[in-house]
Amino acid sequence: NMFYFLERFKNIDIFIRITTNANNLNEQDIERIIKGKLLSQINISFNTDSPETAKKIYIDGTRHSHTLDILNAITKYKNIYATDNPYVDIMFTLLKVNCDKIPEIIELLRHHSINYFFFQPLRCYSERLEELIASDIPQREITQVEKKLRDLHIESNISELHRDTRLLINRSDSQEVSSTTSLINKNGIHIRGYMPLTTLPICYNGNIP
């Protein structure tokens with residue numbers, strides 16, 4: 001159903017973004033997306049530095065390796081088909097088991113062209129989730145992460161952590177505007193802007209909430 005929509009949207013002058021944990025994507029899907037120029041942007045959840053950390057968060061610890069495989073496939077096929085699209089954003093949820101592993105996680109992304117690294121709070125729906133909420137991150141560590149992201153030319157909202165980590169934990173607002181994300185549409189017009197003015201969410205089963 002995802003490809004049903006993507007292939008019909010292909011010739012419409014819109015910016016198409018998918019937000020995913022990549023669980024149900026495989027290398028063939030990625031090649032189809034990139035070869036067919038079906039996406040402007042893909043936002044991927046990536047919260048772990050190793051399978052061991054993944055086992056503390058997810059039922060299936062192989063999710064860590066699978067996400068890396070998907071990122072490798074994106075980089076591979078963008079090189080093969082000589083394209084910058086889709087832009088890749090990383091959605092990182094701050095957790096007690098990963099907030100001290102941010103530099104290691106960023107290092108895993110070094111060879112990929114990451115546009116934006118978005119730090120987001122954990123949305124709690126149960127007592128078990130509350131146990132995973134990250135504590136305050138030392139400012140020295142935040143500064144180190146900020147430098148590492150800057151050295152890799154990855155934009156982020158890490159400045160929010162400088163102001164007050166607790167604010168970030170409780171926030172659920174949208175991402176900051178990025179000045180670099182862009183799309184050249186079918187008429188050759190260069191469109192800039194991070195968030196589209198109108199968002200139409202379409203679920204994996206084709207439903208529009």
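## A22, a buried residue in a loop

A22 is buried, with a relative accessible area of 0%. Here, buried means under 20% relative accessible area, exposed means over 50%, and partly exposed lies in between, using a 1.4 Å probe and protein chains only. A22 sits in the loop between strand 1 and helix 2. Helices (H or I, at least four residues) and strands (E, at least two) are DSSP runs, numbered from the N terminus. Although A22 is not a glycine, its phi is positive, at about 70 degrees. Most residues other than glycine have a negative phi, and most peptide bonds are trans.

Please keep in mind that this is a predicted model, in which local features need pLDDT of at least 70, side-chain atom pairs count only at pLDDT 80 or more, and totals for chains, interfaces and linings use all residues.

## Two other loops to visit

K37 also has a positive phi without being a glycine, with a value near 50 degrees. You can find K37 in the loop between helix 2 and strand 2. Is K37 buried or exposed? K37 is exposed, with a relative accessible area of 63%.

Now look at the loop between helix 4 and strand 3 (87-93), where P86 lies. The peptide bond that joins N85 and P86 is cis, with omega at about 5 degrees.

## G61 and its neighbours

The loop between helix 3 (51-57) and helix 4 holds G61. With a relative accessible area of 10%, G61 is buried. Which residues does G61 touch, leaving aside its neighbours within four places in sequence? G61 is in contact with P51, A54 and K55, where contact means heavy atoms within 4.5 Å. P51 is 10 residues away from G61 along the chain, and the C-alpha atoms of the two are separated by 5.3 Å.

## The two sides of helix 2

Helix 2 has four names to look for on its buried side: D29, I30, I33 and I34. The buried residues of helix 2 pack against helix 1 (2-9) and helix 4. On the face turned away from the buried side, helix 2 carries the exposed residues Q28 and K35.

## Helix 2 meets helix 4

Two packed helices are described by the angle between their axes and the distance between the axes. For helix 2 (residues 27-35) and helix 4 (residues 63-80), the axes come within 9 Å and cross at roughly 35 degrees. Such axes are lines fitted to C-alpha atoms, for helices over the stretch in contact, and the angles run from 0 to 180 degrees between N-to-C directions.

Helix 2 contributes E27, I30, E31 and I34 to the contact, and helix 4 contributes I70, A73, I74, K76, Y77 and K78. By class, this contact has six nonpolar, no polar and four charged residues.

## A parallel sheet

Strands of a sheet pair through backbone hydrogen bonds, either parallel or antiparallel. In this model, five strands form an open sheet in the order 1-2-3-4-5, with parallel pairing. Two strands count as a pair if DSSP finds at least two bridges between them. At the edges are strand 1 (17-20) and strand 5 (155-156), each pairing on one side only.

Strand 1 pairs with strand 2 (residues 41-45) in the parallel sense over four bridges, and R17 stands opposite Q41 in strand 2. Strand 2 and strand 3 are parallel too, pairing over five bridges, with I90 in strand 3 as the bridge partner of I44. Strand 3 and strand 4 (residues 114-120) run parallel and are joined by six bridges; here M91 stands opposite F118 in strand 4.

## Strand 3 and the whole chain

How many residues of strand 3 are buried? Seven of the seven are, so strand 3 is largely enclosed by the rest of the structure. Y87, D89, M91 and T93 are buried on one side, and V88, I90 and F92 on the other.

The chain has nine helices and seven strands. Of its 209 residues, 46% are buried. Among contacts between residues at least 6 apart in sequence, 69% join residues at least 24 apart.

Key
Residues are numbered from 1 along each chain as its sequence is written. Side-chain values use heavy atoms; hydrogens and water are left out. Ala, Val, Leu, Ile, Met, Phe, Trp, Tyr, Cys and Pro count as nonpolar, Asp, Glu, Lys and Arg as charged, and the others, Gly among them, as polar.
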